[in-house]
Amino acid sequence: MKIVVPVCNNSRFIEIQYATFRKYIKEDYKLIIFNDTKKFPDYSNFGDISIYRDIQETCKRLDISCIDVPNEEDRYRHMYNGSDRHGRTMNFIFSYMKENPDQYWIIDSDMFLFRDFDIYRYKDYDCAVVLQERPHFRYIWPNLFYFNMDRLRYTELINFKPQCPGFWFGGAGSGGRGERY
């Protein structure tokens, strides 16, 4: 079982999550950080390029796997959209999951456990997701979900790019390919 955390701007959250995972998860797992921090000044790193290095060093100190998300193209985007960026990051992570089949829990970097959590509770399922809903649209919430990549079918249909036109930044536009109704 692997627990995946996409991170873009706060190494302190990695330390808090690491501590709560150790306390509240009794089963074996491997933690993987996907570092989406920019190596150039950006609103997402508050203009502070040292955050990238802080995340790398935190992962090294805690012996956590850390994979860089390619994001250099964001330097040249004029109409920047946080949901679009999140969707690209999630698609990069999903490609990794397809290439490295296993059971995966994805949890956002600012979510923390506060009681015991059985990560194998859904091991017999293909997936466990939280559905988000907007007018006439339903999609997978990309901040907490479980995928068993050995069992999950139709992976070619999963795409985390924003599916809801007009949703920007906090508008929850990124998520798994939605269903129109």
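**Strand pairing, cores and helix packing in the predicted chain**

In strand S6, Leu144 is the bridge partner of Ile107, where helices (H or I, at least four residues) and strands (E, at least two) are DSSP runs numbered from the N terminus. The model is predicted, so that local features are reported only at pLDDT of at least 70 and side-chain atom pairs only at pLDDT 80 or more, whereas totals for chains, interfaces and linings use all residues. Residues are numbered from 1 along each chain as its sequence is written, and side-chain values use heavy atoms, with hydrogens and water left out.

The chain contains three helices and seven strands, which follow one another along the sequence in the pattern β-α-β-α-β-α-β-β-β-β. Of its 181 residues, 46% are buried, the term buried denoting under 20% relative accessible area, exposed over 50%, and partly exposed the range in between (1.4 Å probe, protein chains only). Among the contacts in the chain with a separation of 6 or more, 72% are between residues 24 or more positions apart, a contact being defined by heavy atoms within 4.5 Å. The chain exposes about 10,000 Å², of which carbon and sulfur atoms supply 51%; accessible areas come from the Shrake-Rupley method with a 1.4 Å probe, and for residues only the protein chains shown count as cover.

Strand S4 (residues 103-107) is largely enclosed by the rest of the structure, because five of its five residues are buried. Both of its faces are covered, with Gln103, Trp105 and Ile107 buried on one side and Tyr104 and Ile106 buried on the other. S4 runs parallel to strand S1 (residues 2-7), to which it is joined by three bridges, and in this pairing (two strands pair if DSSP finds at least two bridges between them) Val4 stands opposite Ile106. Strand S6 (residues 137-148) runs antiparallel to S4 and is joined to it by five bridges.

In soluble globular proteins, nonpolar side chains tend to be buried together. A nonpolar core is taken here as a set of buried Ala, Val, Leu, Ile, Met, Phe, Trp, Tyr and Cys residues joined through side-chain atoms within 4.5 Å. The largest such core has 21 residues, and those with the most contacts inside it are Ile3, Val5, Ile14, Phe21, Ile33, Ile55 and Ile64. At least two residues of this core are supplied by each of S1, helix H1 (11-24), strand S2 (30-35), helix H2 (50-62) and S4, and the largest share, four residues, comes from H2. With residues up to four places away in sequence not counted, Ile3 touches Phe21, Ile25, Tyr29, Lys30, Leu31, Ile32, Trp105, Ile107 and Ile119. A second, separate core has 18 residues, including Val4, Tyr96, Met97 and Tyr104.

The 14 residues of H1 should span 20 Å at 1.5 Å a residue, which agrees with the 20 Å between its end C-alpha atoms; the expected span of a helix is defined as 1.5 Å times one less than its number of residues. At the start of H1, a side-chain oxygen of Asn10 reaches to within 2.9 Å of the backbone nitrogen of Arg12. The buried residues of H1, namely Ser11, Ile14, Gln17, Thr20, Phe21 and Tyr24, pack against S1, S2, H2 and S4. For helix H3 (residues 82-99), the 18 residues should span 26 Å at 1.5 Å a residue, and the end C-alpha atoms are 26 Å apart, which agrees. In H3 the buried residues are Gly82, Ser83, Arg85, Gly87, Thr89, Met90, Ile93, Phe94, Tyr96 and Met97, and these pack against S1, S2, S3, S4 and S6.

Several individual positions complete the description. Asn35, which is placed in strand S2, counts as buried at 0% relative accessibility and, leaving aside neighbours within four places in sequence, is in contact with Val7, Tyr52, Ile55, Gln56, Cys66, Ile67, Asp68 and Val69. Asp63, in the loop between H2 and strand S3 (65-68), has a positive phi of about 60° although it is not a glycine, and at 72% relative accessibility Asp63 counts as exposed. Tyr154, likewise not a glycine, has a positive phi of about 60°; Tyr154 lies in the loop between S6 and strand S7 (179-180) and is exposed, with a relative accessible area of 54%.

How values were computed:
A polar contact is a pair of N or O atoms within 3.5 Å; within protein, one must be able to donate a hydrogen and the other to accept it, and residues adjacent in sequence count only if both atoms are side-chain atoms.
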